[in-house]
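Take a look at the model shown here.

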Amino acid sequence: MSATIDAQQVRRLARELLAAHPPATTGRTAFLEARFDAGLAWVHYPVGLGGLDAPRSLQPVVDAELAAAGAPDNDPRRIGIGLGMAAPTILGFGTDEQKKRFLRPLWVGEEVWCQLFSEPGAGSDLAALATRAVRDEDGSGDWVVDGQKVWTSSAHVARWAILIARTDPDVPKHRGISYFICDMTDPGVEVRPLRQITGEAEFNEVFLTGVRIPDSRRLGPVGDGWKVAQTTLMNERVSIGGARIPREGGMIGTVAKTWREQPALRTHDLHRRLLTLWVEAEVARLTGERLRQQLVAGQPGPEGSGMKLAFARLNQEISGLEVELLGDEGLLYSDWTLRRPELVDFTGRDAGYRYLRSKGNSIEGGTSEVLLNIVAERVLGLPVEPRNDKDAAWKDLAR
Amino acid sequence: MTAQTEAHAPDLLYSEAEEDLRSAVRSLLADRADAPKVLASIESDTPYDQRLWDSLASGIGAAGLLVPEKLGGQGASHREAAVVIEELGRSVAPAPYLTSSVVATEVLLALVTDDGPAGELLAGLAAGRKVAVLALPFATAPADSARALTGTLDRTVTGVADAVAADVLLVPTGEGLYAVETGGDGVGVQPLVALDLTRPLAAVTLSGATGTRLAEAGPAAAAVTRGLLAGAGLLASEQLGVAEWCLTETVRYTRERHQFNRPVGSFQSLKHRMAQLWLEVVSARAAARNAADALAAGSPDAPLAVAVAQAYCSTVAVHAAEECVQLHGGIGMTWEHPAHLYLKRAKADSIAYGSAGRHRDAVAELVELEAP
Ligand SMILES: Cc1cc2nc3c(=O)[nH]c(=O)nc-3n(C[C@H](O)[C@H](O)[C@H](O)COP(=O)(O)OP(=O)(O)OC[C@H]3O[C@@H](n4cnc5c(N)ncnc54)[C@H](O)[C@@H]3O)c2cc1C
């Protein structure tokens, strides 16, 4: 039970794992599987599902112990959607069978996940989605899905998807949605690269044509998918790591390094702006640290919704400054060829890429405008927007 | 020090004891220093409420928080003092807390010896029996303190905060630091008309005044730096308190005020501005707590933590107060509404103990981001 597990015990378990599966002689996948089975994947998950029912705050203890021993990690950046969104949703709403089937390969990184939420006609107003799921009349209970999703990150490398679709057009939009797990290798799933502002295709269009999904891959009750999706979206926005970020840990570190190493680039105007951003980045780091301390102390605050806003703006301003600071070099761009990357790698690319890619930070996972609405209404208690879409049947709404 | 090292792992939350202290201070201030009372006392030319000060300083024991018990204080730290200051910011009550219980107290703490005169004065401040202020312009940044140690006791210093309430002036000169009684011969304290109505300023004139020498120039400079650093660091908590009041009141008002058959707080352009302000206030809290914690721990990181907090929180308080006035519409421009008291405090605070720009310069030096 959670009350009896402490830092010393998880450290001991980590050492036992390392002794039984020495990282030097154990393959990556084998080590990660053993780690999952030892309950050291995400310690706050239930026993048998990669966890120990332990407090979340013990995870950094495990991570530090394993990292110090040179153990392989599961590349959280590559499987971010699975770890950050699919897993907590499956844990919260999945059947025992679903949890057993999906969580282990998800965590080990053998199976990559993507999120089939947004549609050409439904982004911020996600509940307006039009992709249909209809039960087949053949008695199998299977669902047949038709529609188009868009801006789907990692769809080209994903094995599975979390999917929301409309199962009842005759009720108001929030009530007629159901939540599914979609097999990306099934017939009728077509992924087309969608080239973006950076030149590469990190996201995709996904066409769903007569895709059959067995009812056993539904998450939560029929018609209750909006509630399930809320869990996914909340986890998306608050997916904040347990690890402490060091000072200059984010993008500001790259710019500060350039500033220190290349005095010839310095101007007074850039200095003034750099210092303002340095201070803001440091304060954002402290704000994140304070949020982490609140979570560990068991007093989750609303600060989480604000962090995404802050980081989006900072990333954009800092990367904009970086291009200017580089001058001649800022005029160049590494490569415009259409690539299909497996992950978003800010720091490994050049300043122009960072500038362009950071523009997505205030759009992906909810735009800054929508997040400001959420803070205003749910944190400050300001009146909600007057709405005319709440009670009308979805099929009667303007599109 | 390099930018990457962080000497001390900060505790950015409030402890239970700190929350208890906050409740005590808040209820005292709600009782004795609500906005109409503050406004009335300012207009009556008697800004300081002696009874309020007695209750705060000795009743609650707030004046001695930074002073060890064996020197007559409470033996607490900057973390607790910061909480008191947050509440004082939230109420904009005139009280010489930051100037006497923090800055002057820190200067004396740096100088106290077993038999020296600093100890006795310190005990008086800690008990709330005496008020002392550092006779430097309120705008002096910690980085400028060494330069302040020049000249003789015969001098005029303008813009000294809370000098009107002081029993003792701590006067830096070329020969060291002196304690000068304000009631003594050759000491003039001339009230000035200040932008911030709730923190009176004065011109101090000394001619032929005598004082007790507390320290020679070397140790005096270090002591003054320490005092100003603590002042700047905890001023961030005052700015946090000011900003919080402004945001809370603006949210409350815009939910109630109707125009166009809707609460004005339902207009998205206003909602987004208040949400943005909320994010700034949340961030200011992290920065201010970090400064208070670093000062409390005597961390080598304290100068940077203070400079970051000042560079950030000054701007937030001014922004919050300006938004408060604007989003209150016409009422926000009236003398009767307290918004102006907060705007004046916030703007004056943005100059006190060094402007945001001055603190950014300090950051540049500390993390080695040199100017061109
Ligand atoms: C890099 C990237 C990766 C993405 N990956 C995925 C993914 O993997 N899976 C997935 O499902 N989706 C993904 N998305 C889609 C993303 O979630 C949507 O783009 C986002 O929710 C916004 O929707 P929209 O693009 O339709 O914009 P719209 O909703 O059309 O918004 C247009 C503008 O109107 C504003 N606006 C809209 N509603 C309001 C309102 N109520 N108040 C004020 N302003 C408003 C918006 O802020 C925006 O500025 C990704 C997007 C990007 C950029």
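What follows goes from one chain to the contact between two chains.

This is a predicted model, where local features need pLDDT of at least 70, side-chain atom pairs count only at pLDDT 80 or more, and totals for chains, interfaces and linings use all residues. Residues are numbered from 1 along each chain as its sequence is written, chains are lettered from A and ligands numbered from 1 in the order in which they are written, and side-chain values use heavy atoms, without hydrogens and water.

Start with chain B. Chain B holds twelve helices and nine strands (DSSP runs: H or I of at least four residues for helices, E of at least two for strands, numbered from the N terminus). Its radius of gyration, taken over C-alpha atoms, is 20 Å, close to the 21 Å that the globule rule gives for 372 residues, so chain B is as compact as a globular protein of that length. That rule is 2.2 Å times the number of residues to the power 0.38.

Now look inside. Of the 372 residues of chain B, 60% are buried, meaning under 20% relative accessible area with a 1.4 Å probe, protein chains only. Contacts are heavy atoms within 4.5 Å. Among the contacts in chain B with a separation of 6 or more, 75% join residues 24 or more positions apart.

Next, the partner. Chain A brings 46 residues to the contact and chain B brings 47 residues. Together they bury about 4100 Å², 67% of it on carbon and sulfur atoms. Buried area is the accessible area (1.4 Å probe) that two parts lose on being put together, summed over both. A:R247, A:R290 and A:L380 supply 18% of the area that chain A buries against chain B, more than any other three residues.

How values were computed:
Buried means under 20% relative accessible area, exposed over 50%, partly exposed in between (1.4 Å probe, protein chains only).
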